Amino acid sequence: MIESVKFRNLVTGKEIVMDSDKGDYLLDVDDGSVDWGEVEAKHNTYNFPTQVGSYISSTSLEDREVSFFGYIVYNNTQDFRRKKKILSTFMNPLHDIEIQAKGYSLFGKAQASVKYGKEYKTNNGAFCKFTFSLLCIKPLWQTSSPLNVNIAILQPRWRFPWIMVKEKGKGTIFGKRRRALLQQLTNNGAIPVGVKILIHALGIVSNPELKIVETQEFVHINKTLSEGEDIEISTADGERYIKGRKDENSPWESYLQYFDLDSSWIQIPVGTVAIGFATYESEGVQDDTYKNMNINVSYHEKIFNLEDE
């Protein structure tokens, strides 16, 4: 069973924790105080005349509804009113809510305002029962923290305090570049997922491209980047964009016009794949400007159910 759930209001940034044995808002986990709902599949089918059975042309996943009930524990009327106001304001149906449990998150909106007990057995001088439900249009759990892979990174070597040691023929290494054309990404989730790609130019970079070897999907940017320029690309469903900035002091702006028309909004399939940046030759001359890039790829694995759900 899941004994602790954290809620975060993505509009106000405030958090509420509901626990089975402590805090202002208690969940009675032994009495089924959380209904995590289920993810229903919708299969679109077709058949031909005289065919026995049918074909499934496509499958989509439906919304999930999650319901909670628990108790506000209070000392006096003033304390109850304060805690009730906090919960009622927090579960605003106009606000996006993140539900966190066991290192995973669901996102939804309240179906209605919070409902409170009215009879003495559910609302007395010690506790008050409450119920609320959230509609999650993205029905799968995703890892709360993204998984990160650096394809090119500058590794710092200098540390403070620093003591200069005089050795003939040796110096001090302040940083070391570790470079690999390819890195492996592993998706242990249930479905393919989009990624967030951050490209940072350490020098001139000509037309950066990132490719998944197994699927041959790639993202290509038709632009020469200057030193200090950043590009951020998101291929996640519902959050697709390309933006960039000249340097860290400049505002972000849309870079969609530089997105190559043959590119795709790449997805990381279930399993392990190799991803890396492409190299080019022009008239027999190797374009080595790709070496001036640092690339970070981050993504969230998604699953249907938690182990204790």
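Start by selecting Lys243: with 25% relative accessibility, Lys243 is partly exposed, where buried means under 20% relative accessible area, exposed over 50%, and partly exposed in between (1.4 Å probe, protein chains only). This is a predicted model, in which local features need pLDDT of at least 70 and side-chain atom pairs count only at pLDDT 80 or more, while totals for chains, interfaces and linings use all residues. Residues are numbered from 1 along each chain as its sequence is written, and side-chain values use heavy atoms, with hydrogens and water left out.

**Stop 1: Lys243 and Glu232**

Lys243 and Glu232 form a salt bridge whose closest N and O atoms are 3.7 Å apart; the term requires a side-chain nitrogen of Lys or Arg within 4 Å of a carboxyl oxygen of Asp or Glu. The two residues are 11 apart and link distant parts of the chain, Lys243 in strand S22 (residues 241-245) and Glu232 in strand S21 (residues 230-234). Strands (E, at least two residues) and helices (H or I, at least four) are DSSP runs numbered from the N terminus. Glu232 has a relative accessible area of 13% and is buried.

**Stop 2: other salt bridges**

How many salt bridges does a search of the whole structure find? The search finds 11. Select Arg8 and Glu98 for one with its closest N and O atoms 2.6 Å apart. Arg8 belongs to strand S1 (residues 4-9) and Glu98 to strand S8 (residues 97-101), so this pair ties together parts 90 residues apart in sequence. Arg8 is partly exposed at 27% relative accessibility, whereas Glu98 is buried at 3%.

Next select Lys83 and Asp24, whose side chains meet in a salt bridge (3.1 Å, N to O). Lys83 lies in helix H1 (residues 77-90) and Asp24 in the loop between strand S2 (15-19) and strand S3 (25-27), so parts 59 residues apart in sequence are tied together by the pair. Here Lys83 is the buried residue, at 6% relative accessibility, and Asp24 is partly exposed, at 34%.

**Stop 3: strand S1 and its neighbours**

Select S1 and show its side chains. Val5, Phe7 and Asn9 make up the covered face of S1, and Ser4, Lys6 and Arg8 the uncovered one. S1 runs antiparallel to S2, joined by five bridges; two strands count as paired if DSSP finds at least two bridges between them. Val5 stands opposite Met18 in S2. Five residues separate S1 and S2 in a hairpin, and Gly13 in the turn has a positive phi of about 80 degrees. S1 also pairs with S8, in the antiparallel sense over four bridges, with Lys6 opposite Gln100 in S8.

**Stop 4**

**Stop 5: a four-stranded sheet**

Now select S14, S25, S18 and S19, which form an open sheet in that order with antiparallel pairing. Strand S14 (182-187) and S19 are the edge strands, each pairing on one side only. From one strand to the next the twist averages 20 degrees, with axes as lines fitted to C-alpha atoms and angles running from 0 to 180 degrees between N-to-C directions.

Six bridges pair S14 with S25 in the antiparallel sense, and Thr186 stands opposite Thr272 in S25. S18 pairs with strand S25 (residues 271-277) over three bridges. Three bridges also join strand S18 (residues 209-212) to strand S19 (residues 218-220). Center on Lys211: its bridge partner in S19 is Phe218, and in S25 the partner of Lys211 is Gly276. The hairpin of S18 and S19 has five residues between the strands, and Gln216 in the turn has a positive phi of about 65 degrees.
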